[in-house]
Amino acid sequence: MKKIIILLAIIFPVIAYAGNDAQEFTVEGIKVILKPSPKEVITAKLFVRGGTSNYSKEQEGIESFALQLAMSGGTTTMDKLQFANESEKIGAGIGAGSGMDFGSFDLVCVKMFWDKSWNLFADAIVNPAFAADEYEIIKEQLISGAKQNEADPDAHLRLISLQGAFEGKNYAKSPNGTSASLPNITLDQIKAYYKKTVGKQRIFLVVVGNVTKEDLTAKIKASLSKLPAGTPALVEPKNSLKTPSVLQEDRKMATNYVRGMMDAPKVNTPEGVAMAVAMDIVRDRMFIELRTKRSLTYAPGAGYASQLAGSPYSTLYVSSVDPKKSIEVMVEEVDKIRTDGFSEKELKDKKLSFLTDYYMGLETTESIAGQIGTSEVQGNWRQMESFTQAVQNLTVEQINAAFKKYSNTIKWTYLGDNTLVKTEDFKQPKKASKAKKISTTKK
């Protein structure tokens, strides 16, 4: 009973985050989604559609580079130091970043300084200075970050697994760039990229806070309306992960890292909701089987990559000193679920915790704006309105059907001691074809 009370306390204050009071309108060719909130904190996020589809493999990281440089390098009317000082005076958090499907310019401020904060935010977007000295500073920071990611086993495992699963496709690119791509990105390329990409046909604005439509409309007309029309972002067809494979990278470490990728349905579909809940249950089962019962790992994992709009996927993960046994146990559990299915009790219990976690992730105006924008990129931000009901209406037959349909094959990626595993150790679900070894590298 206590858990139910806690859940209700979480849900009801925020359940209207994307309800009927949220509205969509267009200002000077720019799509706007406004979610009023009584909070004194306002978040504005300008999304740029496309993500990794906006640039070539050779220019990995250019969008993140360009957006960060625009937001932190000053404007044509205010140098970096002045801009930083003015932002700090009023406590305005201004930044930018880019991912697989979109980039974004971000503003978080208090209601009292909304006007001043917006002016700084919009000025940076419309009139970036692109100063040479700041370009060099950010370039070195990004290269350093890329090298750290390449050295970090988990970050590197994720990157090479995506490269293997989506070879030749947009999701094989690293949004943050690599130590090989970043040094070759010039300031002139960044300027040209920004001009080409940040246009009305690729952007949309999400604002969550105590703001009126009239005020926001006036602000956009005076600032963001000056952006060029540009061209629409490219939309890549869904890439299904139906061919089993094994990619290994030899690295002598105390722990070995394994990531399995399976196909998954689109996020904004009934199957997508079912798969998200199903993989949450799989994660619980993997914890019991791999850690509690056998002590093969400290932190096993499983999940549904719902943040990806184009080609979502599901994952199995383990870091272990015994990768062969760990893989065997994971596939045995997948086969067990495919044969016997999940139980009614598992689904009933999971709905409660799943929605609790979901709403705990929507406690701030910033997180709400981020989720609205992500949902818009995935197809339609209004799908959030029916999400709770969709989870509550799920049946065990639906999650069993979704899991069975999308768990036929696994694309394995291994980072660790190659002497501990052979290609045949990377098992596949029963009746799946044998995995093909696509790469073995040493590092």
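User: Where does the largest share of the lining of the largest pocket come from?

Analyst: From helix 9, with 7 residues. The model is predicted: local features need pLDDT of at least 70, side-chain atom pairs count only at pLDDT 80 or more, and totals for chains, interfaces and linings use all residues. Residues are numbered from 1 along each chain as its sequence is written, and side-chain values use heavy atoms, without hydrogens and water.

User: Which elements each supply at least two residues of that lining?

Analyst: Helix 9 (270-293), strand 9 (301-304), helix 11 (344-360), helix 12 (365-378) and helix 13 (387-392). Helices (H or I, at least four residues) and strands (E, at least two) are DSSP runs, numbered from the N terminus.

User: How many residues line the largest pocket, and which lie nearest its centre?

Analyst: The lining has 31 residues, with Ala276, Tyr304, Ser306, Phe354 and Phe387 nearest the centre. A lining residue has an atom within 4 Å of a pocket point; the pocket is an open set on a 1 Å grid where a 1.4 Å probe fits, with protein on both sides within 12 Å along at least five of seven lines. By class, the lining holds 14 nonpolar, 14 polar and 3 charged residues.

User: What is the volume of the second largest pocket?

Analyst: About 400 Å³, against about 830 Å³ for the largest pocket. Among the 23 residues lining the second largest pocket are Asp101 and Glu236.

User: Why is valine 41 called partly exposed?

Analyst: Its relative accessibility is 33%. Buried means under 20%, exposed over 50%, partly exposed in between (1.4 Å probe, protein chains only), so valine 41 is partly exposed. Valine 41 sits in strand 3 (residues 41-49). With Val110 and Met112, Val41 forms a nonpolar surface patch of about 270 Å² accessible area.

User: Why is aspartate 357 called partly exposed?

Analyst: Its relative accessible area is 46%, so aspartate 357 falls in that middle class. The residue lies in helix 11. Its C-alpha is 37 Å from that of asparagine 85, 272 residues apart along the chain.

User: Is phenylalanine 130 buried or exposed?

Analyst: Its relative accessibility is 9%, so phenylalanine 130 counts as buried.

User: What makes serine 295 exposed?

Analyst: A relative accessible area of 60% puts serine 295 in the exposed class. Serine 295 also has a positive phi, near 55 degrees, and lies in the loop between helix 9 and strand 9.

Technical notes. Patch = residues over 30% accessible without salt bridge, like charges linked within 9 Å, V, L, I, M, F, W, Y side chains within 5 Å. Areas by Shrake-Rupley, 256 points an atom, 1.4 Å probe, with all protein chains shown as cover. Salt bridge = Lys/Arg side-chain N within 4 Å of Asp/Glu carboxyl O. Points joined across faces, edges and corners; volume = space filled by probe spheres on them. Nonpolar A, V, L, I, M, F, W, Y, C, P; charged D, E, K, R; others polar.
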